[in-house]
Amino acid sequence: MSTATERPTRTERPARTEAELQQMAKDHLWMHFARQSVMTEGPGVPIIVKGEGHHIWDSQGKRYIDGLAGLFVVAAGHGRKRLAEVAAKQAEELAFFPIWSYAHPAAIELADRLADYAPGDLNKVFFSTGGGEAVETAFKLAKYYWKLQGRPSKHKVISRAVAYHGTPQGALAITGIPAMKEMFEPVTPGGFRVPNTNFYRAGDMGAPTGSLEEFGVWAADRIEEMIQFEGPETVAAVFLEPVQNSGGCFPPPPGYFQRVREICDKYDVLLVSDEVICAFGRIGHMFACDAYGYQPDMITFAKAVTSGYSPLGGTIVSDRIYEPFAHGDTAFYHGYTFGGHPVSAAVALENLDIFEEEGLPEHVRENSPIFRRTLEKLTDLPIVGDVRGDGYFFGIELVKDKATKETFDDDESERLLRGFLSKALFDAGLYCRADDRGDPVIQLAPPLTIGPSEFDEIEQILRGVLAEAWTRL
């Protein structure tokens, strides 16, 4: 009979060489949103092994600035030991239990805290494990809510052109990027698109180009036009990001969201603020709807709520939407095994403590104008057409001709972004995103802890690489 002293001690995973890891990846790893040919036919994939503050290191020992916070996620920065420690403590105490008819303290306390941060009467939190699931939850809940109101024909949803809202089938119906949907057709029905708020391309949309405010009213009124066209009795909700990510950081014009709120109220349509990227300091507030002064009916969140130290997402719901579920035998038959996971919820609570202790949202508000001015220096380059965004979330649109705003065709984008820019920026020590889901852009969303000296370093790397990119055209 074995005794405790005879049990084998835990062994560490064997250290792998670069060649071994690359071969294992080539044989077995299917990366997300990536061409597998970089492993099967190319030199392999960058392997990131360490993070500290706003830097990451690869398996070759080279250091990079994390200019995208992993994926808009690591808001508090890498290497926060206290987040790792609270995760370990929670795992020892209660590693897992579902919130299917049960609860645990971490999920209860986190729901209470998020409701406290959320504006108005957004008081109920439905947890998931990521942003796509949070959007899926909001889509299903919007349709169910209207059925419970005796209005089952209200099932359609409106979102903006080029907007990304996730990959689950329902969220994909809301996503406004045709190239990401066509291979999965037929997608869930009911998604309709309106113009986005890219003022730089207002003329291409047939929109007014005079003032930003006038453009904002025009863009908001296209939502009303779509509701009228489809019939208000058929439209359940409008899904909007405070700052649209895909396409390159489109901030809302002044008054835009106030006009959208008026339209939604007029036609009895729910307004969902998709803050998977924008919540928790990215725009300088815990929730970006507060930055722009509007009251949504639901908020979706994920990413920075834990700074990525454990997966977590959720949907925050108004009292009005929750009310039909508060009594009797009505239930929302929807959920996720790992939604509100004890470890993730405990990490989120500790992460939000860091936000408050270090004043990270305030830090973003103070430094965002400096970040903008630093990036705007790049507009002296012939390839830089526009710098836009807000908070610590900026996009740099690249053009062939600044005078005409002529963009690149598909072949040129392929050569520029994938063939040169992404690798060149990484080789120069900056991890960020070169994206062509709309017009070609470079996106920056660094950890919220950086400041002016890092802004200058990022600008210098971008300047060198973009100048070289122009010579290659």
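Student: Among contacts in the chain between residues at least 6 apart in sequence, what percentage join residues at least 24 apart?

Tutor: This is a predicted model, in which local features need pLDDT of at least 70 and side-chain atom pairs count only at pLDDT 80 or more, while totals for chains, interfaces and linings use all residues. Residues are numbered from 1 along each chain as its sequence is written, and side-chain values use heavy atoms, with hydrogens and water left out. A contact means heavy atoms within 4.5 Å, and of the contacts between residues at least 6 apart in sequence, the share that joins residues at least 24 apart is 70%.

Student: What share of the 473 residues in the chain is buried?

Tutor: A residue is called buried under 20% relative accessible area, exposed over 50% and partly exposed in between, using a 1.4 Å probe and protein chains only. By that cut-off, the buried part of the 473 residues is 52%.

Student: Which residues of strand E8 are buried on each of its faces?

Tutor: Strands are DSSP runs of E with at least two residues, and helices are runs of H or I with at least four, numbered from the N terminus. E8 covers residues 270-274, and five of its five residues are buried. In a regular strand the side chains alternate between the two faces of the sheet. One side of E8 holds Leu270, Val272 and Asp274, and the other holds Leu271 and Ser273.

Student: Which residue in E8 stands opposite leucine 240?

Tutor: Two strands pair if DSSP finds at least two bridges between them. Strand E7, residues 235-240, runs parallel to E8 and is joined to E8 by four bridges. Opposite leucine 240 stands serine 273.
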